[in-house]
Amino acid sequence: MVGSPGDSSESGSIVSNSHSLRNGGLHDDDGCPRQVSPIRIGGSRNTSPIGCVGSRNTSPSRQKVIKTKPRGLDEETVATFGKVVHPDVQMEDNIWAMLPEDLLNEILLRVPPFMIFRLRSVCKRWNSILQDSCFLKFHSQVPSHGPCLLTFWKNLQTPQCSLFSLPLKAWYRIPFTFLPQWAFWLVGSSAGLVCFSGLDGLTFKTLVCNPLTQTWRTLPGMHYNQQRQLIMVVDRIDRSFKVIATGDIFGDRSLPTEVYDSKLDRWSLHQIMPAVNLCSSKMAYCDSRLYLETLSPLGLMMYRLDPGYWEHIPARFPRSLLDGYLVAGTQKRLFLVGRIGLYSTLQSMRIWELDHAKITWVEISRMPPKYFRALLRLSAERFECVGQDNLICFTSWNQGKGLLYDVDKKVWSWIAGCALQSYNSQVCFYEPRFDASIY
């Protein structure tokens, strides 16, 4: 799930100060609380100390307003002059009912996608406009909302989905009851589409959906229709997607690689992967190449999508690597994430980047011990790792915690209010897009 410029709401009142009021106090940019005296309006002077000791605010309208970017990843705080609060203006229903469609499109484009999804039930017009081709065209031209985390699990055989918006730092629940009642699992997400695979009875099937538009479709059956290791990639330019199927999940690598093309609506056969022993079923796709970890031959197997053939990259893994995950970054960057050390007291989580010229892994970061001990309390505890756009998310199966690392900013942060409490929850990065087509 790339921050995008958002339109901060600036109503001219001090109501926007609610962003900075926590537990009845005003907070500085560094999070420190400050005393606030009651605000008097109508010419009375506010002479109570605000901020640093010794400073006095004698202006009746000087207030601190938090200005945010709701559609972007970064937030900026600026000091401005607030205006006197006025009573809410009564909105005339007959005027808003006649709002021109182009103006309504401009308004809805500035609303976070999750809010638009909930607004579909306001009226028939709003429900239809969110499926209108003109609105989708407008929506495709606006910057992305930013990265999100999608968690998927089943509660009493009912599909459940929660989305964590990194720009808004909030959780949203999206109903997933529109999907068929299969025994399916999450494959991954790309450019607004989410891919699942599973069993409909005894038949292996693959489906692609858009959670925001609640649309889905089943892909045609493969030539060798078995439970396969899958990954989906989306081409934003020609608005199409491909699904790559490598060996099956039980380790049979005699199956040829198959690629589904949404433009052709069919699977094509390609070269059999020349690997004897895979380290992990986790795959990473970056720069039109698919990467897998292998023990025999040692290193990586790389699949070039356009010519459709495999080749071996002899990049040796770091010593004492216990478990490793390949994570795709931006612009050809490929990361390896894993634990080092045989004993619990000596273990640490590290991140390496592949040097394509020297074909070696170069360490770029280590997880601080306090985060590592909180995420994995036991040496044998399992964890999952997913990444997108130089963001890496760590999740612990047992602890129900999520930890985010920004490779560019070198910042570690916990995911607030983490909903990763279910043992069988699956996680991937997700970019909410209404214009992402399943065809």
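## Basis

A residue counts as buried under 20% relative accessible area, as exposed over 50% and as partly exposed in between, with a 1.4 Å probe and protein chains only. The model is predicted: local features need pLDDT of at least 70, side-chain atom pairs count only at pLDDT 80 or more, and totals for chains, interfaces and linings use all residues. Residues are numbered from 1 along each chain as its sequence is written, and side-chain values use heavy atoms, without hydrogens and water.

## Aromatic pairs

Phe135 and Phe434 are both buried. A search of the whole structure gives 17 aromatic pairs. Rings of Phe, Tyr and Trp (its six-membered ring) pair if their centres lie within 6.5 Å; planes under 30 degrees apart are stacked, over 60 edge-to-face, and the rest tilted. The ring centres of Phe135 and Phe434 are 6.2 Å apart with planes at 70 degrees, so this pair is edge-to-face. Phe135 belongs to helix 5 (residues 133-141) and Phe434 to the segment after strand 28 (426-430), so the pair ties together parts 299 residues apart in sequence. Helices (H or I, at least four residues) and strands (E, at least two) are DSSP runs, numbered from the N terminus.

For Phe176 and Phe178, the centres are 5.4 Å apart and the planes at 55 degrees, so the pair is tilted.

## Arg433

Arg433 also lies in the segment after strand 28 and is buried, with a relative accessible area of 8%.

## Nonpolar cores

A nonpolar core is a set of buried Ala, Val, Leu, Ile, Met, Phe, Trp, Tyr and Cys residues joined through side-chain atoms within 4.5 Å. The largest has 32 residues, of which Leu150, Phe176, Leu179 and Phe196 touch the most other members. Apart from this core lies another, of 19 residues, among them Tyr325, Leu403, Tyr405 and Trp412.

Four strands form an open antiparallel sheet in the order 11-12-13-14; strands pair if DSSP finds at least two bridges between them. Strand 11 (228-235) and strand 14 (266-272) are the edges, each pairing on one side only. Five bridges join strand 13 (residues 256-261) to strand 14, and Tyr260 has Trp267 in strand 14 as its bridge partner.
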